[in-house]
Amino acid sequence: MAILIDATRSNSDMVLSVADIHSNMRLVPLPGETHCACTLRLLLTVPRSMPDLSPNEWMMLKTTAILQEMIDEVVVPLEQHCSRESCPCMSAGAHLEFLWKDDDMKEPQRKPAMEYIKAFIQFARLSLANTELCPRGGRRCLDSFMPRMLKLHRCIFRVYAHAYIQHTEKFCDAEGFFNLGMGFKHWLFFARDSGLVSDMDLRPMRRLIDVVDLTVAGREAH
């Protein structure tokens, strides 16, 4: 029995007692957390060279950068491995499946993982290029701005969760696994600091995130 999660909503209705999702996950520390966490945290603050940037404009810029990092370091390496046959649905373990729905669809749909990811990337790029969603120059954003940001970041997490839980072995070389881990932590630190992800959203990778948090806390204590 799979848990189906609509991409347009939060995971507040997710019931995890059906199965232990983490049984599909390799509990290994993400690379680089001890010596790169501080560097990543520096990337979360507005640069001094851009003092007039509004918080929402900064969120748009960071989301654009994080999306591109995800494409370069996760999606491109997965394209030759994540097929309709190997991943007929967008999942994070054997018991958690994500459905896709954009603004033009009446009902969420099941898609093969790579089709889901590519549909999301197209949706995200259109959203981030929409100057009406978040006008430049500090003008008021549309009411749909924050719901759209929340959706984009939930989906970014789902791409990382799919890559890490379903395809860890595809990042077996040191550089690939390092880039996967660094990209995930970059997203994680920013999304949590900005209130763009809930604890429920993170449940599929909770154990791994706990390892990251403990390691970072231990490093910062020294």
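Me: What is the basis of the model and of its residue numbers?
Reply: This is a predicted model, in which local features need pLDDT of at least 70 and side-chain atom pairs count only at pLDDT 80 or more, while totals for chains, interfaces and linings use all residues. Residues are numbered from 1 along each chain as its sequence is written, and side-chain values use heavy atoms, with hydrogens and water left out.

Me: How do you know how many helices and strands the chain has?
Reply: Helices (H or I, at least four residues) and strands (E, at least two) are DSSP runs, numbered from the N terminus. The chain has six helices and three strands, and from the N terminus on these elements run β-α-α-β-β-α-α-α-α.

Me: Why is His153 called buried?
Reply: Buried means under 20% relative accessible area, exposed means over 50%, and partly exposed lies in between (1.4 Å probe, protein chains only). The relative accessibility of His153 is 0%, so His153 counts as buried. His153 has its place in helix H4, residues 145-166. With contact meaning heavy atoms within 4.5 Å, and with neighbours within four places in sequence left aside, His153 is in contact with Thr63, Trp187, Phe190, Ala191 and Leu196. For the chain of 222 residues, buried residues make up 50%.

Me: What makes Arg148 and Asp103 a salt bridge?
Reply: A salt bridge requires a side-chain nitrogen of Lys or Arg within 4 Å of a carboxyl oxygen of Asp or Glu. In the pair of Arg148 and Asp103, the closest N and O atoms are 2.8 Å apart, and the pair forms a salt bridge. The two residues belong to distant parts of the chain, Arg148 to helix H4 and Asp103 to the loop between S3 and H3, 45 residues apart. By the rule for salt bridges, the count comes to 10.

Me: Why is Arg148 called buried, and why is Asp103 called exposed?
Reply: Arg148 has a relative accessibility of 18% and therefore counts as buried. Asp103 has a relative accessible area of 55%, and Asp103 is therefore exposed. Not counting residues up to four places away in sequence, Arg148 touches Asp103, Phe123, Ser127 and Leu133.

Me: Why are Lys170 and Glu169 called partly exposed?
Reply: Lys170 counts as partly exposed because its relative accessibility is 29%, and Glu169 counts as partly exposed because its value is 34%. Lys170 forms a salt bridge with Glu169, with the closest N and O atoms 2.7 Å apart. Elsewhere, salt bridges that share partners join Arg192, Asp199, Arg206, Asp210 and Asp213 into one network.

Me: How do you know that the charged end of Lys151 sits over a ring?
Reply: A charge sits over a ring if NZ of Lys or CZ of Arg is within 6 Å of the ring centre and within 35 degrees of the ring normal. The charged end of Lys151 sits over the ring of Phe123, 4.2 Å from its centre, and also over the ring of Trp100, 4.9 Å from its centre.

Me: What makes Phe157 part of an aromatic cluster, and why is Phe157 called buried?
Reply: Rings of Phe, Tyr and Trp (its six-membered ring) pair if their centres lie within 6.5 Å, and planes under 30 degrees apart count as stacked, over 60 as edge-to-face and the rest as tilted. The structure holds seven aromatic pairs, and Phe157, Tyr160, Phe184 and Trp187 form one aromatic cluster. Phe157 has a relative accessibility of 2%, so Phe157 counts as buried. Phe157 and Trp187 are 30 residues apart in sequence, while their C-alpha atoms are 7.9 Å apart in space.

Me: What makes a set of residues a nonpolar core?
Reply: A nonpolar core is a set of buried Ala, Val, Leu, Ile, Met, Phe, Trp, Tyr and Cys residues joined through side-chain atoms within 4.5 Å. The largest nonpolar core has 60 residues, of which Met70, Val74, Phe120, Met149, Trp187 and Met205 touch the most other members. Helix H4 gives the most to this core, with 12 residues. In soluble globular proteins, nonpolar side chains tend to be buried together.
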